[in-house]
Amino acid sequence: MAANSEFAVAVLPGDGIGPEVMTPCLEILQAVQEQVGGFRLRFEQLEAGADLYRRTGDALPEETVERAGETDAILLGAMGLPGIRYPDGREIAPQVDLREIFGLFAGVRPVRIFAGTPTPLADERARGLDLVLIRESTEGMFAGRNDGRISDDAVAEESWRITRAASERLFDFAFALARRRKAEGHEGKVTCVDKANVFRAFAFFRRIFEERAAQHPDIEAESCHVDAAAMMLVKQPWVFDVLVTENMFGDILSDLGAGLMGGMGMAPSADIGSERAVFQPCHGTAPDIAGTGKANPTAMFLSAAMMLEWLGERHDLAASRQAGRRLACAVESALARLRTYEFGGRDGTDEVTRKVLEQLAQGPD
Ligand code: ATP
């Protein structure tokens, strides 16, 4: 952090609706920092993504990585386009590379159902749902993603990896988060999601979880197979507080969580490492609605709020934490007064932005 509580923020808008949700997000961050005061954000625009790959043959230039690595936080829109792929057919996903380059081991995916927004869950107990899914983001089934083999057009093989070091730091992160949440009135429980009944790697993962749980006796610990967890997330998600899981399971379950929140446009995320962090919506580039003005920027705004809270915690700066909370509250109040396209309404990116700015201007509730 530079002098006078100035934070440098790397801004990577990316492709499709990425830039469409990033532009209003910067406007909103500008507004919230002016209102709260006590810190400043300096944005540094950087290039990466599928369109950049199409133009230059490089989806994530070294210069982008270097400059992003010198900033205090990284804000990312969305990257990848279905028609632009590497020669072997894989999609362009520099956001996955960034997780590996910066060791962003904990993918934090809050699942919250706000008072005024629709959810596919009919049960009243779902109203006010507030859980957090933590997805390991550097290994698991994604570890071998560049080494998959297809032999003689007959057999496809992939490999995956779970390490003690990554699992220990992941579980410690989950317990620390559950402890902070417990102080705010949540249950104080961590559920490890695995498939320990079938795979040795997951039996190993669960054993490490139980070892780490013993180091955090103030927090309840339990384990659950991924298939059962998927069912419970639909039937009774309120039984969970913090869930922690492997990379691919987390990828799938976080979209399930976004579904519970009503749609991809609602779900924020943070990929956190020991030194760096990337904040981005869970959604992809949504090529089907790009350019129509229908993208819901909520997930982007809530990711930015998570960034402010993380910066505040990391640098012990109350103003930044307060700005993060104020932004999240303004988004929640705005949503109660809107019906986005995603929810079958007619409020697009501009309307959501305008309403959030209006709520911010009214000051804290
Ligand atoms: P990826 O593989 O990169 O995660 P994806 O193909 O799974 O991407 P998304 O791009 O997230 O998918 O889109 C999934 C669906 O959700 C699409 O119908 C898309 O229009 C919708 N969607 C995604 N983001 C938003 C948003 N911010 N607002 C409204 N709808 C969205």
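Q: Which residues of helix 10 meet helix 1 in this predicted model?
A: The model is predicted. From helix 1, the residues that take part are Ile28, Leu29, Val32, Gln35 and Val36. By class, the contact of helix 1 with helix 10 has seven nonpolar, two polar and one charged residues. On the helix 10 side, the partners are Ala319, Gln322, Ala323, Arg326 and Leu327.

Q: At what angle do helix 1 and helix 10 pack, and how is helix 1 placed relative to helix 10?
A: Helix 1 spans residues 18–36 and helix 10 spans residues 318–336, and their axes are 10 Å apart. The packing angle is about 125°.

Q: Is the crossing of helix 1 and helix 9 left-handed or right-handed?
A: Helix 9 covers residues 298–314, and its axis comes within 9 Å of that of helix 1, with a crossing at roughly 45°. This angle makes helix 1 oblique to helix 9. The crossing of the two helices is right-handed.

Q: Is helix 7 roughly parallel or roughly perpendicular to helix 8?
A: Helix 7 (residues 226–235) and helix 8 (residues 247–260) have axes 10 Å apart and pack at about 10°. Because angles under 35 degrees count as roughly parallel, the arrangement of helix 7 relative to helix 8 is roughly parallel.

Q: Which residues of helix 8 make the contact with helix 7?
A: Helix 7 supplies Val226, Ala230, Leu233 and Val234. The residues of this contact divide into eight nonpolar, no polar and no charged.

Q: Which residue has a polar side-chain atom 2.8 Å from an oxygen atom of the ligand?
A: The residues around the ligand include His283, Gly284, Asp288, Asn296 and Glu342. A polar side-chain atom of histidine 283 is 3.4 Å from a nitrogen atom of the ligand. For glycine 284, a polar backbone atom lies 2.6 Å from a ligand oxygen atom. The polar side-chain atom at 2.8 Å from an oxygen atom of the ligand belongs to aspartate 288.

Definitions and conventions. Residues are numbered from 1 along each chain as its sequence is written. This is a predicted model: local features need pLDDT of at least 70, side-chain atom pairs count only at pLDDT 80 or more; totals for chains, interfaces and linings use all residues. Side-chain values use heavy atoms; hydrogens and water are left out. Axes are lines fitted to C-alpha atoms, for helices over the stretch in contact, and angles run from 0 to 180 degrees between N-to-C directions. Helices (H or I, at least four residues) and strands (E, at least two) are DSSP runs, numbered from the N terminus. Contact means heavy atoms within 4.5 Å. Ala, Val, Leu, Ile, Met, Phe, Trp, Tyr, Cys and Pro count as nonpolar, Asp, Glu, Lys and Arg as charged, and the others, Gly among them, as polar. Angles under 35 degrees count as roughly parallel, over 145 as roughly antiparallel, 65 to 115 as roughly perpendicular and the rest as oblique. A residue is near a molecule or strand if one of its heavy atoms lies within 4 Å of it. A polar contact is a pair of N or O atoms within 3.5 Å; within protein, one must be able to donate a hydrogen and the other to accept it, and residues adjacent in sequence count only if both atoms are side-chain atoms. A crossing is left-handed if the near helix is turned anticlockwise from the far one by less than a right angle, and right-handed if clockwise.
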